[in-house]
Amino acid sequence: VVDHSKISDDLFKLVFGEVVPVCAVVGGVIAQEVIKGVSEKEVPINNVFLFDPITYAGKEETVG
């Protein structure tokens with residue numbers, strides 16, 4: 001049971017409706033990083049890749 005006063009239906013539509021495009025983008029980034037790591041030609045992303053499904057923007061973050 002969900003309290004609709006705290007979470008709107010639009011949020012559920014965004015979260016559950018955008019899973020496939022998000023998986024495609026994140027999967028592509030992961031594949032690119034695996035190729036970088038195996039080929040040792042470029043430096044892979046440091047630690048974390050964050051993806052915002054609302055703006056479809058990705059960001060690399062160094063943790064530590």
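**Figure 1. The surface and overall layout of the protein chain.** In this predicted model, the protein chain exposes about 5300 Å², and carbon and sulfur atoms supply 63% of that area. Buried residues account for 9% of the 64 residues in the chain. Of the contacts in the chain with a separation of 6 or more, 18% link residues 24 or more positions apart.

Figure 2. The mean pLDDT of the protein chain is 77, with 83% of the residues scoring at least 70. Helix α2 comes out highest, at 83, while helix α1 (residues 9-17) comes out lowest, at a mean of 69.

**Figure 3. A nonpolar patch on the surface.** Here I30, V34 and V38 come together as a nonpolar patch, with about 300 Å² of accessible area between them. V34, one of the three, sits in helix α2. Is V34 buried or partly exposed? V34 counts as partly exposed because its relative accessibility is 47%, which falls between the 20% and 50% cut-offs.

Figure 4. Side chains of opposite charge can pair when their charged atoms come close. Both K36 and E33 belong to helix α2, and they are 3 residues apart, about one turn of the helix. Why do K36 and E33 count as buried? K36 does so because its relative accessible area is 14%, and E33 is buried because its relative accessibility is also 14%; the cut-off for buried is under 20%.

Figure 5. E40 belongs to the loop between α2 (19-39) and β1 (48-52). Look at the backbone here: phi of E40 is near 55 degrees, a positive value in a residue other than glycine. E40 counts as exposed because its relative accessible area is 71%, and the cut-off is over 50%.

Figure 6. Strand β1 pairs with strand β2 (residues 57-61) in the antiparallel sense, over 5 bridges. Which residue in β2 is the bridge partner of D52? That's A57. Elsewhere in the pairing, F49 stands opposite E60 of β2. The two strands form a hairpin with 4 residues between them, and Y56 in the turn has a positive phi of about 55 degrees. As a reminder for reading this view, side chains in a regular strand alternate between the two faces of the sheet.

Figure 7. How exposed is E61? E61 is partly exposed, since its relative accessible area is 28%, a value between the 20% and 50% cut-offs.

Note on methods: Residues numbered from 1 in each chain as written. Predicted model: local features only at pLDDT ≥ 70, side-chain atom pairs only at ≥ 80, totals over all residues. Heavy atoms only, no water. Buried < 20%, exposed > 50% of the residue type's maximum accessible area, 1.4 Å probe, protein only. Contact = heavy atoms within 4.5 Å. Areas by Shrake-Rupley, 256 points an atom, 1.4 Å probe, with all protein chains shown as cover. Patch = residues over 30% accessible without salt bridge, like charges linked within 9 Å, V, L, I, M, F, W, Y side chains within 5 Å. Salt bridge = Lys/Arg side-chain N within 4 Å of Asp/Glu carboxyl O. Pairing = 2+ DSSP bridges. pLDDT = per-residue confidence, 0-100.
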